[in-house]
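Take a slow look at the chain before reading on. We will go through it helix by helix, then turn to the cores.

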Amino acid sequence: MDRQKHRILMVSDFFFPNFGGVESHIYYLSQCLLKLGHKVVVMTHAYENRSGVRYVTNGLKVYYVPWRPFLMQNTLPTLFLTFPVVRTIIIRERISVVHGHQAFSTLCHEALMHARTMGYKVVFTDHSLYGFADAGSIHMNKVLQFTLADIDQAICVSHTSKENTVLRSGISPEKVFMVPNAVDTAMFTPSPERLSCDEIVIVVISRLVYRKGADLLVEVIPEVCRLFPKVRFIIGGDGPKRVRLEEMREKFSLQDRVEMLGAVPHAQVRSVLISGHIFLNSSLTEAFCIAILEAASCGLLTVSTRVGGVPEVLPDDMIVLAEPAPEDMVRAVRKAIDMLPGINPQVMHLQLSLMWIR
C-alpha cells in the first residue's frame with residue numbers, strides 16, 4: 001500500500017536568494033520531499049525585486065509575499081494581517097501540513113498560529129540556540145511558548161538544541177524529535193590532487209556577525225599569522241563585522257595573507273573549501289553548524305569552538321575543539337597544523353559518506 005502523499009507548506013523569513021544554513025535546509029528538505037512524491041510549496045517574504053510566485057528546481061513553488069523585511073531579514077510582526085495571505089495559499093494549494101522554520105522568523109510564528117486556528121497539522125523546526133537571561137531571549141521565549149502551545153510536532157537539529165527548545169518553550173519532550181542536518185556529499189568532494197603543505201590555507205566561510213564569532217577572528221588571525229609564517233587565510237562571507245576584519249588586516253599589514261572574498265554563493269562554496277587545508281569555525285552559539293559538515297566532506301580538518309551542538313556533529317579525528325577564547329583557538333589551530341600530515345581528504349570524505357549512510 002502506498003504511503004499517503006502530503007501537500008506541505010514550508011514557511012520562513014529565510015529563503016533563497018538569501019544565503020545561510022536555514023535557507024539551504026529548507027531548499028534541500030523540499031527537494032527530498034518532492035522526490036518522495038509529496039507536493040511542496042514555500043512561503044517567504046519578498047527579496048528586493050523578487051516578488052510574487054516563482055518556480056525553482058524540480059517545480060518547487062515559492063511564494064515571495066510582497067512584504068519587506070524590517071530587521072535582520074524579518075518581516076514586521078502584525079499577528080493578524082498575515083492571515084488572509086496564509087489562508088489563501090493554504091486553500092489554493094490544498095495544503096495538509098504546515099512546516100515552520102526558525103524561532104526568530106515572525107512569518108513562521110504567524111503562519112503556524114493561523115494554520116492551527118484553521119485546524120491544520122503543524123510542525124516546527126528550531127535551528128538555533130537561545131539564552132534565558134537577556135531581554136531579547138526572554139521576549140523570544142514568551143513568543144515561542146505561545147506559538148508551540150498547540151503544535152503537533154517539533155524538530156531540533158541536535159540533542160543540545162532539543163534540550164534548549166524544551167526548556168524555553170515548555171513543550172512536552174515527547175513531541176520533540178532530534179533530526180540532525182545532513183550534507184549532500186556528492187556535491188562536496190575533495191580536490192582530486194592533494195594540496196601541498198608548503199603553504200597552509202585556513203578557510204573561514206560564515207556570516208560576519210557577532211553570533212558567528214567575527215570578533216574572535218579579529219583576535220585569532222593576527223596571532224596565528226605571527227606564529228606561523230606559512231599560514232594564509234581565506235575569508236568568505238559578509239556582514240556588519242566585515243569592517244572590523246578589514247581594519248585588522250590593515251592594522252597588521254596582512255593584505256597578502258588574509259583574502260576577503262565577500263558573500264559566497266552556495267554553488268561556489270566547494271571551490272573555496274578545496275583551496276584550503278583547515279576550516280575554522282568561531283561561532284559563539286550554534287545548534288548544529290552545517291558548514292563544518294560541508295568542510296569535512298571536502299576533506300578539510302575542522303577547528304571549531306566547543307559551543308552548543310557542535311561537539312555532536314563530527315567524530316574526534318575530524319575536528320579540533322576549543323573554548324571560545326583567542327588563546328584556546330590559537331592552541332587548537334596549532335594542534336590542527338600538527339595533525340595535517342596524517343589527514344587524507346579522500347578517506348575523510350568516504351568516512352563521512354558512510355557515516356550518513358549508516
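**Helices and cores**

The model is predicted. Begin with helix α1. Which residues of α1 are buried? They are Val22, Glu23, Ser24, His25, Ile26, Tyr27, Ser30, Gln31, Leu33 and Leu34.

Now check the length of α1. The helix runs over residues 21-35, which makes 15 residues. At 1.5 Å a residue, α1 should span 21 Å. After α1 comes glycine 37, with a positive phi near 100°.

Move on to helix α3. It covers residues 106-117 and has 12 residues. From first C-alpha to last, α3 reaches 17 Å, close to the 16 Å expected at 1.5 Å a residue. How much of α3 is covered? Mostly: 10 of its 12 residues are buried. The buried residues are Thr106, Leu107, Cys108, His109, Glu110, Ala111, Leu112, Met113, His114 and Ala115. Just after α3, glycine 119 has a positive phi of about 90°.

Zoom in on one residue of α3, threonine 106. Is threonine 106 buried or exposed? Its relative accessibility is 17%. Buried means under 20%, so threonine 106 counts as buried. Its side chain reaches the backbone oxygen of threonine 75 at 2.8 Å. Setting aside neighbours within four places in sequence, threonine 106 is in contact with Asp13, Asn74, Thr75 and Pro77.

Next, the cores. In soluble globular proteins, nonpolar side chains tend to be buried together. Here the largest nonpolar core has 66 residues. Those with the most contacts inside it are Ile221, Val224, Phe233, Leu245, Leu273, Leu280 and Leu314. Which helix gives the most to this core? Helix α6, residues 214-227, does, with 7 residues.

Pick out leucine 245, one of the residues with the most contacts in that core. What does leucine 245 touch? Not counting residues up to four places away in sequence, the list is Leu208, Ala214, Leu217, Val218, Ile221, Ile235 and Met260.

There is also a second, separate core, with 48 residues. Cys108, Ala111, Met140 and Val166 are among them. Look back at α3 here: Cys108 and Ala111 are among its buried residues.

Technical notes:
Residues are numbered from 1 along each chain as its sequence is written. This is a predicted model: local features need pLDDT of at least 70, side-chain atom pairs count only at pLDDT 80 or more; totals for chains, interfaces and linings use all residues. Side-chain values use heavy atoms; hydrogens and water are left out. Helices (H or I, at least four residues) and strands (E, at least two) are DSSP runs, numbered from the N terminus. The expected span of a helix is 1.5 Å times one less than its number of residues. Buried means under 20% relative accessible area, exposed over 50%, partly exposed in between (1.4 Å probe, protein chains only). A nonpolar core is a set of buried Ala, Val, Leu, Ile, Met, Phe, Trp, Tyr and Cys residues joined through side-chain atoms within 4.5 Å. Contact means heavy atoms within 4.5 Å. A polar contact is a pair of N or O atoms within 3.5 Å; within protein, one must be able to donate a hydrogen and the other to accept it, and residues adjacent in sequence count only if both atoms are side-chain atoms.
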